[in-house]
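Here are my notes on the model, point by point. Please read them with the coordinates open.

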Amino acid sequence: MGDEPLRITGIDGGAGGIRVVADDVLMLGVLCRGVGAELDEVGVAGALAGAGLAVEATAVLAPATALVAGAALQRSALGPHSPLVVGGGAQVLGNALVTAASGYDLAEAANVALWDAGDAVGLLLTVKDVVTDPAGASVAVAQAYAVEVVRAGEPLDPQEAAGRWAAAHAGELEHRINGAAALAAPGVAGARLDQGQEVLGEHASWAPVAVVAHAAAPLWVDGEPVVGAAGPATVGSAPTRTADVVRGLAATNEREDGTIAVRRITSRQDGVERQAVLVDVPGTDAWSLPGHETDQVRDLGGNVGLLGGDATAYARGVEAAVVASGVPKDVPIALAGHSQGGMAAVVAADRLRSQGYRVTHVVAVAAPIAHLRQPRGVTTLALDGDRDVVTKLDGRPNGDRARRVTVRFDSGLEGTGPNHDLRTYARAADEADDLAATDPSLARVVTEMRDAGVLTSGGTSASMETVHVRITADRGR
């Protein structure tokens with residue numbers, strides 16, 4: 001399957017997602033209930049009924065006219081189109097709509113619980129099979145290795161074969177990761193609560209992986225971010241497509257470890273000059289084990305901390321770099337991050353918003369972000385490879401969220417490296433850009449990024465000034 005073309009396999013969330021429909025239904029239900037309540041409070045029906053009685057009291061003066069007017073008023077007060085009936089109907093309809101929307105949320109919560117329970121049971125059964133039949137498990141591993149060798153058409157070392165198997169079974173591994181976390185999370189959460197400690201990082205929503213990662217993060221010394229310039233400013237072309245954003249991120253990723261880019265985009269729209277900022281946030285540089293930390297801020301400990309929802313030194317460093325660059329708070333800001341950088345971008349976006357900065361978008365590339373809370377007022381475009389094991393480390397899909405659009409794709413490539421590579425994701429972004437002409441969720445995101453000035457039109461005058469910043473970690477050693 002290594003020569004298959006890349007193809008989009010699904011688009012979740014955003015304007016075309018069920019979450020938006022449910023939110024709209026809830027809003028309509030609340031509005032209907034409000035209208036009904038206002039009609040009752042005003043007492044229009046009672047006023048009309050009283051007016052009808054007053055008209056009848058004048059029957060002595062004009063019997064025929066009073067009879068006609070009274071009947072009309074009574075119909076207005078008590079008929080099928082009266083405020084009394086309309087108000088009551090509006091409240092009944094509103095209650096039904098709110099119940100329906102709430103039912104969707106309950107069903108979603110139940111599905112998540114079933115997902116966790118099913119994954120935990122599946123992992124227990126797998127462990128049981130290995131323990132009770134170790135010889136059979138060894139045979140299964142040997143068979144899997146042989147299958148990968150046959151598919152490759154050449155001898156493979158065990159590591160390469162394992163990478164190919166992992167890419168082909170990434171979805172299955174996602175369930176196993178979540179199952180292990182679901183088994184451990186209750187005990188971990190209980191122990192932390194007994195000690196008066198937080199169960200989750202401040203930027204995480206409930207997820208078993210987040211609970212376990214947050215507990216494991218203190219094994220590493222996170223440290224404090226140190227931000228410094230990494231070369232003179234350069235001027236180049238502004239991005240016109242999301243694929244340009246991903247390719248720019250790939251270029252920043254090739255620079256010295258810890259380097260990010262703060263890009264100031266200047267363009268003209270309707271004769272008016274406008275400014276926007278795009279921040280490149282690359283991924284992991286080092287895989288430092290606990291006790292062997294260096295000054296590299298993008299290490300294994302940073303990954304664990306972000307999986308737990310913590311504001312790591314890297315995320316805080318990205319925040320500090322934006323602040324130090326002097327970006328005005330009313331200028332639109334987008335952050336594009338790869339892998340660990342995608343998680344850091346979501347956290348940094350949340351922190352910058354809390355300071356009053358106008359962060360509008362995050363482009364999360366190959367990043368496990370399902371467990372992270374979506375920053376208020378920010379729209380996320382996530383690119384997730386079906387064969388990329390890294391995107392499965394959070395244990396579950398991103399789901400259907402109103403302000404988080406996830407583009408899933410099958411790369412057709414073998415191995416963990418090629419499926420996590422930014423060049424692969426640039427190809428996926430090209431496909432997503434083409435689909436934006438017809439898909440409502442993608443169309444909304446791309447249009448918003450263009451309106452914000454993060455993406456520019458090819459025919460307009462636009463330029464981009466880039467400043468590279470290097471972030472290191474001061475671990476107090």
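1. Helix α10 (residues 300-307) is mostly covered, with seven of its eight residues buried. Buried here means under 20% relative accessible area, exposed means over 50%, and partly exposed lies in between (1.4 Å probe, protein chains only). The buried residues of α10 are G301, G302, N303, V304, G305, L306 and L307. Their cover includes α8, α11 (313-324) and α12 (340-354). Just after α10, G309 takes a positive phi of about 85 degrees. Helices (H or I, at least four residues) and strands (E, at least two) are DSSP runs, numbered from the N terminus.

2. A word on provenance. This is a predicted model: local features need pLDDT of at least 70, side-chain atom pairs count only at pLDDT 80 or more, and totals for chains, interfaces and linings use all residues. Residues are numbered from 1 along each chain as its sequence is written, and side-chain values use heavy atoms, with hydrogens and water left out.

3. Overall figures. The chain's secondary structure comes to 15 helices and ten strands. Of its 477 residues, 45% count as buried. Take the contacts (heavy atoms within 4.5 Å) between residues at least 6 apart in sequence: 76% of them join residues at least 24 apart.

4. H203 is found in the loop between α7 and α8 (208-216). H203 has a relative accessible area of 5%, so it is buried. Its side chain makes a polar contact of 3.1 Å with that of D350. A polar contact is a pair of N or O atoms within 3.5 Å; within protein, one must be able to donate a hydrogen and the other to accept it, and residues adjacent in sequence count only if both atoms are side-chain atoms. Leaving out residues up to four places away in sequence, H203 touches G309, D310, A311, V347, D350, R351, H371, L372 and R373.

5. How do α5 and α6 pack? Helix α5 (residues 134-152) and helix α6 (residues 158-168) meet at an angle of about 90 degrees, with their axes 9 Å apart. That makes the two helices roughly perpendicular, a label for angles of 65 to 115 degrees; under 35 is roughly parallel, over 145 roughly antiparallel and the rest oblique. Axes are lines fitted to C-alpha atoms, for helices over the stretch in contact, and angles run from 0 to 180 degrees between N-to-C directions. From α5, the contact uses A144, Y145, E148, R151 and A152; from α6, it uses P158, A161, R164, W165 and A168. Those residues divide into seven nonpolar, no polar and three charged. Ala, Val, Leu, Ile, Met, Phe, Trp, Tyr, Cys and Pro count as nonpolar, Asp, Glu, Lys and Arg as charged, and the others, Gly among them, as polar.

6. More on α6. D157 caps its N-terminal end: a side-chain oxygen lies 3.0 Å from the backbone nitrogen of Q159. The buried residues of α6 are A161, G163, R164, A166 and A167. What covers them includes α5, α7 (170-194) and α13.

7. E414 sits in the loop between β9 and α13 (416-420). At 14% relative accessibility, E414 is buried. Its side chain joins that of R151 in a polar contact of 3.0 Å. R151 is also one of the α5 residues in the contact with α6. E414 and E160 are 254 residues apart in sequence, yet 9.7 Å apart in space, C-alpha to C-alpha.

8. T406 belongs to strand β9. It counts as buried, at 2% relative accessibility. Residues up to four places away in sequence aside, T406 touches G10, I11, D12, A382, D384 and N398.

9. Which way do the rings of F409 and Y425 pair? The structure holds one aromatic pair. The ring centres of F409 and Y425 are 5.0 Å apart and the planes are at 85 degrees, so the pair is edge-to-face. Rings of Phe, Tyr and Trp (its six-membered ring) pair if their centres lie within 6.5 Å; planes under 30 degrees apart are stacked, over 60 edge-to-face and the rest tilted. F409 lies in strand β9 (residues 404-410) and Y425 in helix α14 (residues 422-435), 16 residues apart. F409 is buried at 1% relative accessibility, and Y425 is buried at 0%.
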